[in-house]
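Here's a quick tour of a fold, written for someone who likes cut-offs spelled out.

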Amino acid sequence: ERVPHPLKLFRISPQAIDFTAPFPDSGIRAVSDVCLPPPPQVLSKIFSHEALQSYLPKIQLVIQDTLRAWSSNPEPINVYYEAQQLTFRMAIRVLLGFRIPEEELSHLFEVFQQFVENVFSLPLDLPFSGYRKGIRAREALQKGLERAIREKLQNPQGKDYSDALDLLIESGKEHRKELTMQELKDGTLELIFAAYATTASASTSLIMQLLKHPQVLEKLREELRSKGMLHNGCLCEGSLQLDTLNSLHYLDCVIKEVLRLFTPISGGYRTVLQTFELDGFQIPKGWSVMYSIRDTHDTAPVFKDVDVFDPDRFGQGRTEDKDGRFHYLPFGGGVRTCLGKHLAKLFLKALAIELASTSRFELATRTFSRVTLVPVVHPVDGLKVKFFGLDSNQNEILTETEAMLDATV
Ligand code: HEM
């Protein structure tokens, strides 16, 4: 059993309000007094092997489009902000299969950001208060989601289970009754919320580490080359298979190490169901406890040189994550472990592959900025990076202006 925490705000309902008892004055009920989401067994279907395979080509396309846009921008981009947009887009277009026009999608993203920024506000319903802004944003979001859900229900894509919302609706029918519109809106909002900040944080950390450690990027390219995936620099549309992804061991080590050193979520909350003792201290029943993922990663004796970015620690012969069940837990642990962990890893791997094969990128500031831990890990300046596209021979693709300048020299 757990108490609500930042990731679980959507789960707080009038019936579940008792859960908030340990935090009576925290105001965490503020923006999220909605009803209960679909049960976890319904959500788990969304992340099955088949479902992941069907998302992969679409994820690849979204990432390719995004990297093209980043490379064609003559200015450096703010990676953290752009990664948030990218993960939001992935959640809306791939996970939920919404066919929202581009302009509306950008608007929805702004509203969503406003919702997230105000989700922790105190419940003071005053003009211009964070609470009022949060409530307004939530209402606007729910309207947008309802429109998209209705459009989808009216135009079903057949039974090929090509996205998570179809699965949510289908498995809802299998497990109990049909999900109500409110439950569908809550379920979709919960998925977007859970996927958004975490995956954007990890994507930013991945790019930062590839910039800091060019030898790691080169080794990644080496691995892709050895699998015949970089021979002409270009990954063709839909060519990426789940099995191929799973066979890239060094890539797996890189993603694992990013999530160890820059774990996006610092920990999780639980309610003590039974009084117990820990290191001589008694923890009474009913207390709220937090398990810390970050401290665990920082202090676990299995990791040598904990502060060093070293993907090889997970490689053959070392496998530092295998020594003990609870030393490495970027996605939490136990029955309430992250439901989207395979999707998150798949997304990060696809991003790393595209970065390694179709882009060159360099830091646009003199030094790397400080990393802050709240609300999720990210560099305080967002990480300013200039991207350049690579053609099929791994040569830089010049922008139109650069090409013209080149031609005149
Ligand atoms: C790098 C990216 C991600 C990280 C580091 C991450 C981490 C976590 C952690 C630590 C928890 C458990 C919190 C606790 O113990 O209370 C969690 C729960 C959850 N995550 Fe993720 N997550 C990520 C991406 C995603 C994605 C992409 C999705 C889905 C679209 C997702 C869906 C969920 C859901 C639904 C839960 C709640 C599970 C439950 O209550 O049974 N996560 N995540």
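## Starting from Phe387

With a relative accessibility of 1%, Phe387 counts as buried, where buried means under 20% relative accessible area, exposed means over 50% and partly exposed is in between (1.4 Å probe, protein chains only). Before going further, some ground rules: this is a predicted model, local features need pLDDT of at least 70, side-chain atom pairs count only at pLDDT 80 or more, and totals for chains, interfaces and linings use all residues. Residues are numbered from 1 along each chain as its sequence is written, and side-chain values use heavy atoms, with hydrogens and water left out.

Phe387 belongs to strand β9. Helices (H or I, at least four residues) and strands (E, at least two) are DSSP runs, numbered from the N terminus. Strand β9 covers residues 384-390, and six of its seven residues are buried.

What does β9 pair with? Strand β6 (residues 359-363) runs antiparallel to β9, joined to it by five bridges; two strands pair if DSSP finds at least two bridges between them. Across that pairing, Glu362 stands opposite Lys386. Strand β1 (residues 77-78) also pairs with β9 in the antiparallel sense, over two bridges, and there Asn78 has Lys384 as its bridge partner.

## Rings and charges

Aromatic rings of Phe, Tyr and Trp (its six-membered ring) pair if their centres lie within 6.5 Å; planes under 30 degrees apart count as stacked, over 60 as edge-to-face and the rest as tilted. That rule gives 11 aromatic pairs. Trp70 and Phe387 make a tilted pair, because their ring centres are 5.0 Å apart and their planes sit at 55°. Trp70 is in helix α2 (residues 49-72) and Phe387 in strand β9, so this pair links parts of the chain 317 residues apart. Both Trp70 and Phe387 are buried.

Phe387 also stacks with Phe361, at 5.5 Å centre to centre and 25° between the planes. Here the link is from strand β6 to strand β9, with Phe361 and Phe387 26 residues apart. Phe361 counts as buried because its relative accessibility is 9%.

Elsewhere, one aromatic cluster is formed by Tyr81, Phe88, Phe109, Phe112, Phe115, Phe193 and Tyr196.

Two charges also sit over rings, meaning that NZ of Lys or CZ of Arg is within 6 Å of the ring centre and within 35 degrees of the ring normal:

| Charged residue | Ring | Distance to ring centre |
|---|---|---|
| Lys212 | Phe368 | 4.9 Å |
| Arg260 | Phe303 | 5.2 Å |

## Helices and what covers them

Arg260 is one of the buried residues of helix α10, and so are Tyr250, Cys253 and Leu259, among others. Helix α10 (residues 249-261) has 13 residues and reaches 19 Å from its first C-alpha to its last, close to the 18 Å expected at 1.5 Å a residue; the expected span is 1.5 Å times one less than the number of residues. Because 11 of its 13 residues are buried, α10 is largely enclosed by the rest of the structure. Its cover includes α7, α8 (214-226), α9 (242-246), α11 and α12.

Helix α5 (residues 130-154) has 25 residues and spans 36 Å from first C-alpha to last, close to the 36 Å expected. Its buried residues include Tyr131, Arg138, Leu145 and Ile149.

Leu145 and Ile149 turn up again around Thr188, which is in contact with Leu96, Phe98, Leu145, Ile149 and Leu165, leaving aside neighbours within four places in sequence. Contact means heavy atoms within 4.5 Å. Thr188 lies in helix α7 (residues 181-212) and counts as buried because its relative accessibility is 0%.

Asp163 lies in the loop between α5 and α6 (164-175), and it is buried, with a relative accessible area of 1%.

## The iron, and the whole chain

Which protein atom reaches the iron of the ligand? The single donor from the protein is Cys338 (SG), 2.3 Å away. Donors are N, O and S atoms within 2.8 Å of the metal (3.2 Å for Na, K and Ca); water is not among the atoms, so sites may look incomplete. Cys338 lies in the loop between α11 (293-299) and α12 (341-358).

Zooming out, the protein has 13 helices and 10 strands, and 50% of its 409 residues count as buried. Of the contacts with a separation of 6 or more, 72% come from residues 24 or more positions apart.
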